[in-house]
Amino acid sequence: MDNEHVPFKQSRIFVTPILLFITGTITAFLPDVNWWFLAINLSLCVASGVAFYFLWRRFNKQSKRYFSLMSYIMLVVMGIHTALPFLRAVYGTVAFVLGIIIVLLMIALPHIHLEKIAFGMLNPSKSKVGKLVFLFIGVIFLLAPFVFFSIRAFSDNAMVPVLAFMLLIGLFFLLIAPIKLVKPDRIDEM
């Protein structure tokens, strides 16, 4: 995609918040119905839609930058949507505190090392960070069945394994989201 004008029709300002609305609605009802979290998730969808509009106004002549920033917001919101159900399920336990610490670290650390992560994603064989990112992806998919069955065996709540897997997916979204903040010119240099 060249750096060209993005007409309002192709801006995805309405389609992306609808996707976020769907994920927010589904995750608000996991592990049980919670109208308060539905309100939080839907307010994130509305806020992202407003942000998409202002991004489109500012970057409608720079399609690469616009879609990159739009993807960043979408990934962060989806990361929050998928992490919250697990935290709700384990509220009041040590796992809740560990989950909060991990989520906060996954929000902060990738922003601090975003260029290293971007370089690692583009050139995984030339970067230690890239190897770690792909190791993280591998761990998610290789250990997911083990985590699923072990949590299932030791947990009273049948949804906890699914929510733990959703947490891992949310952490992955939070890991890769800051890459979208790197300007396209800098990506080309890498």
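**View 1. A nonpolar patch on the surface of the predicted model**. Patches are built from residues with over 30% relative accessible area and no salt bridge, joining nonpolar side chains (Val, Leu, Ile, Met, Phe, Trp, Tyr) within 5 Å and like charges within 9 Å. The areas come from the Shrake-Rupley method with a 1.4 Å probe, and for residues only the protein chains shown count as cover. Helix 1 (15-28) and helix 2 (35-59) each supply at least two residues of the patch. Helices here are DSSP runs of H or I with at least four residues, numbered from the N terminus. V46 is found in helix 2 and is exposed, with a relative accessible area of 56%. For burial, the cut-offs are under 20% relative accessible area for buried, over 50% for exposed, and partly exposed in between (1.4 Å probe, protein chains only).

A note on reading these views: residues are numbered from 1 along each chain as its sequence is written, and side-chain values use heavy atoms, leaving out hydrogens and water. Because this is a predicted model, local features need pLDDT of at least 70 and side-chain atom pairs count only at pLDDT 80 or more, while totals for chains, interfaces and linings use all residues.

**View 2. Aromatic rings around Y53 and F54**. Ring pairs link F8, F14, Y53, F54 and W56 into a cluster. Rings of Phe, Tyr and Trp (its six-membered ring) pair if their centres lie within 6.5 Å; planes under 30 degrees apart count as stacked, over 60 as edge-to-face and the rest as tilted. The structure holds seven aromatic pairs. In one of them, Y53 and F54 have ring centres 5.7 Å apart and planes at 65°, so this pair is edge-to-face. Y53 is partly exposed at 31% relative accessibility, whereas F54 is exposed at 53%.

**View 3. The aromatic pair of Y66 and F67**.

**View 4. The largest nonpolar core**. This core has 42 residues, and Y66, F86 and V103 are those with the most contacts inside it. Helix 2, helix 3 (63-89), helix 4 (94-112), helix 5 (114-122), helix 6 (128-154) and helix 7 (160-176) each supply at least two of its residues. Helix 3 gives the most, with twelve residues. A nonpolar core is a set of buried Ala, Val, Leu, Ile, Met, Phe, Trp, Tyr and Cys residues joined through side-chain atoms within 4.5 Å. Zoom in on V103 and, leaving aside neighbours within four places in sequence, you will find A83, L87, L167, L171 and L174 in contact with V103; contact means heavy atoms within 4.5 Å. For a sense of distance, L168 lies in helix 7, and the C-alpha atoms of L168 and L87 are separated by 12 Å, although the two residues are 81 apart along the chain. L168 counts as partly exposed, at 22% relative accessibility.

**View 5. The salt bridge between R88 and D32**. The closest N and O atoms of this pair are 2.9 Å apart; a salt bridge is a side-chain nitrogen of Lys or Arg within 4 Å of a carboxyl oxygen of Asp or Glu. R88 lies in helix 3 and D32 in the loop between helix 1 and helix 2, so the pair ties together parts that are 56 residues apart in sequence. R88 is buried at 15% relative accessibility, while D32 is partly exposed at 45%. The structure holds two salt bridges.

**View 6. The salt bridge between E115 and R186**. Here too the closest N and O atoms are 2.9 Å apart. The pair links distant parts of the chain, with E115 in helix 5 and R186 in helix 8 (residues 184-189), 71 residues apart. E115 is partly exposed at 37% relative accessibility, and R186 is partly exposed at 32%.

**View 7. The backbone at R12**. R12 lies in the segment before helix 1. Phi of R12 is near 60°, a positive value in a residue other than glycine. R12 is partly exposed, with a relative accessible area of 48%.
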